[in-house]
Amino acid sequence: MELTGAQIFVESLKKLKVDTLFGYPGGAVLHIYDALHFAEKDGSIRHILVRHEQGAVHMADGYARATGKPGYVLLTSGPGATNGVTGIATAYMDSIPMVIITGQVPTHLIGNDAFQEADVVGITRPCTKHNFLVKDVRDLARVMAEAQYIATSGRPGPVLVDIPKDVTAHKTAFAWPDRVDIPSYRPSTEGHLKQVKKALSLILGAKRPVLYLGGGCIWSNAAAEVTGLARRLGIPVTQTLMGLGSFPMSDPLSLDMLGMHGTYRANLAMSNCDVLVAIGARFDDRVTGKLDEFCVGAKKIHVDIDPASISKNVEVDVPIVGDARKVVQKMLDNLPPEPDLAKYRRSLAPWHAQIAEWERQHPLFYQDWTPGSPGEVIKPQWAIQEIHRKTKARSPVVTTDVGQHQMWAAQYFQFDRPFRWVTSGGLGTMGFGLPAAIGAQFARPKDLVLAIVGDASVQMCIQELIVASEHKLPIKVFIINNIYLGMVRQWQEMFYDDRYTAVHIPLQPDWVKLADAMGAAGFRVEQKSKLPGVIDEALSTTKPCLVDIRVDPKESVFPMIPAGGSIANPIVADEALKVHVKDDPNSASLS
Amino acid sequence: MKHTLAVLVQNEFGVLSRVAGLFSARGYNIESLTVAETLDPTVSRMTIVTSGEEKIIEQITKQLNKLINVIKVVDLTGLEHVEREMALVKVHAEGDGRAEVLRICDIFRGKVVDVSPSSYTFEFTGVEEKINAVMNLLKPFGIRELVRTGKVAVSRGAGSSTEIRRRPAGGDAHLAEAG
Ligand SMILES: Cc1ncc(C[n+]2csc(CCOP(=O)(O)OP(=O)(O)O)c2C)c(N)n1
């Protein structure tokens, strides 16, 4: 029997076990939407109608990050596709598996500046892992299979499939390939045993080793293996923003996050280690700081599925190309017997003592009161700790926007499991948090999903709140409201002598009314003593909630390594506070 | 330092712009790029001349390999290889100069491919330095038009440096089950 391209598309989704499609219709995808009509009726695929295409892509992204499964998006041609580009670039930078299907003008009109035509394959080439233009309906099923395979294998990433409208009407037999074979694409996953052994002997000879885990540990499902490796060797572990949750942060071996706003002990441990074991991390500039001073004197081992990530920024001694889980499993298989390991662990005692000393000197710190203010000011860090305290038992999925609140959430939430922390790291896309939370809640209907967002960021995709109401998704959105574009304000304060430009937004929407207008429950808190009660109330509501938490507007994120600075010299909170206190007209009342 | 890369790609829609886009997006230089079909019409071969430190060249090679349509990348610079470039040049040729430019063409083993009362069009083939040398000699006569192909290159000896050894599809080439 012959099917239309639109029907082949739908049948392909079923073969690929796609249950949820985030999208927005338009002329070029009308045939596809008509075919979806039937798939929705028989319950095989649900389509979520968003309010802006950027929201659709972030939702698919949140869906992927909360489950490990690829997210799927369907958009129309021209403006539909271009509205999605920010979302696609966001997923690309963080290596998120995703398939985006866009409608295109009919093949005979391509290149004619037709109505709603855009060169979507051209526009998205630099922000997708790969993309396709399907010009012949006989290629469609194969391309759909290849798209998912490419998106989910090797180093994952978004793949876009552009389908001209006439192709969705053309008919052919539906021939589903039972396997995908792309001769020019064969990611190496195994990892050389020789290299693995070389790495192990380096590690076992180390006196001050550190494990540095990135998002690759999450995406290769390596959490159990890396955790096992760290514990058997007794090596301290630090994680990147993207890697949080690949090792339990409540474990005594955890140094927590490293990098620009990482903990003092994590950055100092990096700076002073003798063997650095990087797994699924890419030596991003937010992690390395000044390259010439990054981990000098350490032998470096780098495990990554992407050969191009190895020795890109930092020259390494033992490169291992492979899937993090498989490589770490090989390491585990080749460890010396337990008595030798016990001896090794004991030999690391001085290193652990040194790290504990750094932690004692400069733990994560904020002053839980404001000079000259009554005790009712809510510190943003405290608010986040409080949300964490009240929800940790439920192991929530936490999404964020971008800015100070994101960094505080990374610092003060503890993630003990992978696929719980959903944040835009590489691109740093404001507006990500709310739609990502919606996508995550669709993927995990029974789990608690929280969004920690900024008062500026959340306004970028706020239109999606009504989607949560429409589908009765009980997401809890906490606005850490400092009436500033806080992170930019912090940089202007630190590096531009307090000259604030375009960062103050005192006129805010009435968030309670806005929530109400969108069918959600709104709350507003200004006093510290009221916050715990409001959090409880929000958690016990079945509606989506928007909680406007008015926090100290002038709080900054510490520790901080200024862009391009050496990670050996973080600016820590208490020193920074001293500067503040000195400048504060109320400082007299302090002493 | 200059490097000559032989890049085998699937002969597909958009592959040239993927390769060119990679160079521009990452700030790498392209000094010349030639591309044409190979014996196998589904495969094209590009010869790309680029420059940069070893580290940059290594990154270029890795990034090229990462493109889904790229089958193989060989840096010919480290191998024994033959390089050629072709140029078509239209030179002003009147009066005394008319004989002189022909002599230069002869010395460099060029071919006359077109003649007019006031010009000659020559074809030269050779290594880049030879083409540069002949252009310098012809310049004083007045070069009306010049087109160079950019470099093509092949390894020396009987073996093929760009033979495609199709690696068997690994176990993970099966359709990844969602999840
Ligand atoms: C789309 C986008 N535009 C601009 C920026 C630059 N930027 C980074 S953080 C930030 C301020 C965010 O303010 P807010 O959401 O209120 O969070 P806060 O830092 O106050 O916690 C800006 C403008 C960005 N990351 N993304």
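Me: What's the handedness of the crossing between helix 8 and helix 13 of chain A, left or right?
Reply: The crossing is right-handed. Keep in mind that this is a predicted model.

Me: Which residues make that contact?
Reply: Helix 8 of chain A brings Leu193(A), Val196(A), Ala199(A) and Leu200(A). Helix 13 of chain A brings Val327(A), Lys330(A) and Met331(A).

Me: How does the contact split by class?
Reply: Six residues are nonpolar, none is polar and one is charged.

Me: And what are the angle and the axis distance?
Reply: Helix 8 (residues 193-204) and helix 13 (residues 324-333) of chain A pack at about 60°. Their axes are 10 Å apart. That angle makes helix 8 of chain A oblique to helix 13 of chain A.

Me: Switching to chain B. What's the strand order in the sheet?
Reply: The order is 2-3-1-4, in an open sheet of four strands with antiparallel pairing.

Me: Which strands are at the edges?
Reply: Strand 2 (32-37) and strand 4 (70-75) of chain B. Each has a single partner strand, so one side of each lacks a neighbour in the sheet.

Me: How much twist?
Reply: It averages 15° from one strand to the next.

Me: How many bridges join strand 2 and strand 3 of chain B?
Reply: Six, in the antiparallel sense. Strand 3 of chain B covers residues 43-51. In that strand, Val49(B) is the bridge partner of Ser32(B).

Me: Which helix packs on the sheet?
Reply: Helix 2 (residues 54-66) of chain B. It touches strand 1 (2-10), strand 3 and strand 4 of chain B. The direction of helix 2 makes about 160° with that of strand 4 of chain B.

Terms used:
Residues are numbered from 1 along each chain as its sequence is written. Chains are lettered from A and ligands numbered from 1 in the order in which they are written. This is a predicted model: local features need pLDDT of at least 70, side-chain atom pairs count only at pLDDT 80 or more; totals for chains, interfaces and linings use all residues. Side-chain values use heavy atoms; hydrogens and water are left out. Axes are lines fitted to C-alpha atoms, for helices over the stretch in contact, and angles run from 0 to 180 degrees between N-to-C directions. Helices (H or I, at least four residues) and strands (E, at least two) are DSSP runs, numbered from the N terminus. Angles under 35 degrees count as roughly parallel, over 145 as roughly antiparallel, 65 to 115 as roughly perpendicular and the rest as oblique. A crossing is left-handed if the near helix is turned anticlockwise from the far one by less than a right angle, and right-handed if clockwise. Contact means heavy atoms within 4.5 Å. Ala, Val, Leu, Ile, Met, Phe, Trp, Tyr, Cys and Pro count as nonpolar, Asp, Glu, Lys and Arg as charged, and the others, Gly among them, as polar. Two strands pair if DSSP finds at least two bridges between them.
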